[in-house]
Amino acid sequence: MNAADYLLGYFKSNSATSAEAIGYRFADIVAAVQEVADFVDSLKEQGEDMDLYEDCMSRIKRSALKPFGGYTLNWSADFGVDTRGELESGDLLGLKTLSTRMKDSSLQFTESQRKTIDDLVGQARKALGEVSEDLPVGLALYINRLMRETEIALDEYSITGDFALEIAFARLRESLNIAIEETSEEKKGRWENVRQTFHDLAIGFIVEAPSLAMTAAQIFPQIGS
């Protein structure tokens with residue numbers, strides 16, 4: 001399941017009440033809308049005429065977020081609001097077309113790979129506890145937050161599919177790479193299991209998510225936020 005598939009399922013739920021019961025969450029819906037919008041932008045940058053899709057995306061975004069009382073983490077008081085209220089005829093068809101095109105560029109996480117990522121989180125948590133004194137203030141706390149985000153994405157994989165897990169894992173991978181570099185030479189060996197797991201995962205696929213990856217300069221300002 002990619003981000004467009006996720007949104008299609010959300011819109012098919014018909015109402016905020018149904019969507020909440022199924023397990024759709026504000027953060028995932030926002031992430032899905034952004035990923036599809038970024039995909040449209042990337043196709044436009046490659047020279048394709050995406051004007052119609054950009055119009056679709058503006059309505060898709062409004063409709064997807066309407067049940068939430070704005071950009072908050074709570075549903076609006078009107079749980080019966082139609083999740084498709086802002087859509088026009090053809091918008092869902094456009095979303096289906098984008099879904100088909102996104103399938104070629106989306107990762108697919110097998111059960112074995114998901115188990116390996118789960119193991120990675122456990123290994124990273126152990127290593128982090130042993131090297132935290134070497135890291136910049138707050139970085140360990142930030143990584144812990146990303147590990148929890150990844151665990152949630154794994155738990156809810158049947159609902160969110162690949163797109164949420166790809167986002168969570170890309171963020172965690174980048175932050176762990178920075179933590180490894182920040183660790184003193186005498187303690188770098190504590191990350192050996194994490195490095196091996198990264199290697200094992202790379203055999204099956206390589207995560208390349210430039211829009212999601214973060215540099216140290218981008219990560220550190222977020223610490224404590």
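How do the residues of the lining of the second largest pocket divide into nonpolar, polar and charged? The count is eight nonpolar, one polar and five charged. To see where that lining comes from, start with the whole chain. Keep in mind that this is a predicted model.

The protein chain has eleven helices and zero strands. Read along the sequence, the pattern is α-α-α-α-α-α-α-α-α-α-α. Of the 225 residues in the chain, 45% are buried. Take the contacts between residues at least 6 apart in sequence: 75% of them join residues at least 24 apart.

Which of the elements gives the largest share of the lining? H9 does, with five residues. Rolling a probe the size of a water molecule over the atoms shows where empty space is left.

H9 has 21 residues. From its first C-alpha to its last, H9 reaches 30 Å, close to the 30 Å expected at 1.5 Å a residue. H9 is mostly covered, with 17 of its 21 residues buried.

H7 comes next. The 17 residues of H7 should span 24 Å at 1.5 Å a residue, and the end C-alpha atoms are 24 Å apart, so the two values agree.

Phenylalanine 26 lies in H3. Its relative accessible area is 13%, and under 20% counts as buried, so phenylalanine 26 is a buried residue. The C-alpha atoms of phenylalanine 26 and leucine 65 are separated by 8.0 Å, although the two residues are 39 apart along the chain. Valine 40 is also found in H3. Valine 40 has a relative accessible area of 2%, so it too is buried. Which residues is valine 40 in contact with, leaving aside its neighbours within four places in sequence? They are Met50, Tyr53, Glu54, Met57 and Leu98. For one of these, tyrosine 53, the C-alpha separation from valine 40 is 7.1 Å, at 13 residues along the chain.

Leu98 leads on to helix H5, where it is one of the buried residues. H5 covers residues 91–103. Its 13 residues should span 18 Å at 1.5 Å a residue, and its end C-alpha atoms are 19 Å apart, which agrees. The buried residues of H5 are Asp91, Gly94, Leu95, Leu98, Ser99 and Met102. Why do these line one face of the helix? Seen down the axis of H5, the buried residues fall within an arc of 145 degrees, so they share one face. The face turned away from that buried side carries the exposed residues Leu93 and Thr100. What covers the buried residues of H5? The cover includes helix H1 (3–12), H3 and helix H4 (51–65).

Threonine 97 also lies in H5. Is threonine 97 buried or partly exposed? Its relative accessibility is 31%, so threonine 97 counts as partly exposed. The cut-offs make the reason plain: partly exposed runs between the 20% limit for buried and the 50% limit for exposed. Threonine 97 and tyrosine 53 are 44 residues apart in sequence and 9.8 Å apart in space, C-alpha to C-alpha. Tyrosine 53 is the residue already met as a contact of valine 40.

End with helix H10, residues 192–204, where glutamine 196 lies. Glutamine 196 has a relative accessibility of 39%, so it counts as partly exposed. Glutamine 196 and leucine 120 are 76 residues apart in sequence. In space, their C-alpha atoms are 9.4 Å apart.

Definitions and conventions
Residues numbered from 1 in each chain as written. Predicted model: local features only at pLDDT ≥ 70, side-chain atom pairs only at ≥ 80, totals over all residues. Heavy atoms only, no water. Helix = DSSP H or I, 4+ residues; strand = E, 2+ residues; numbered from the N terminus. Nonpolar A, V, L, I, M, F, W, Y, C, P; charged D, E, K, R; others polar. Expected span 1.5 Å × (residues − 1). Buried < 20%, exposed > 50% of the residue type's maximum accessible area, 1.4 Å probe, protein only. Arc of directions from axis to C-beta. Contact = heavy atoms within 4.5 Å.
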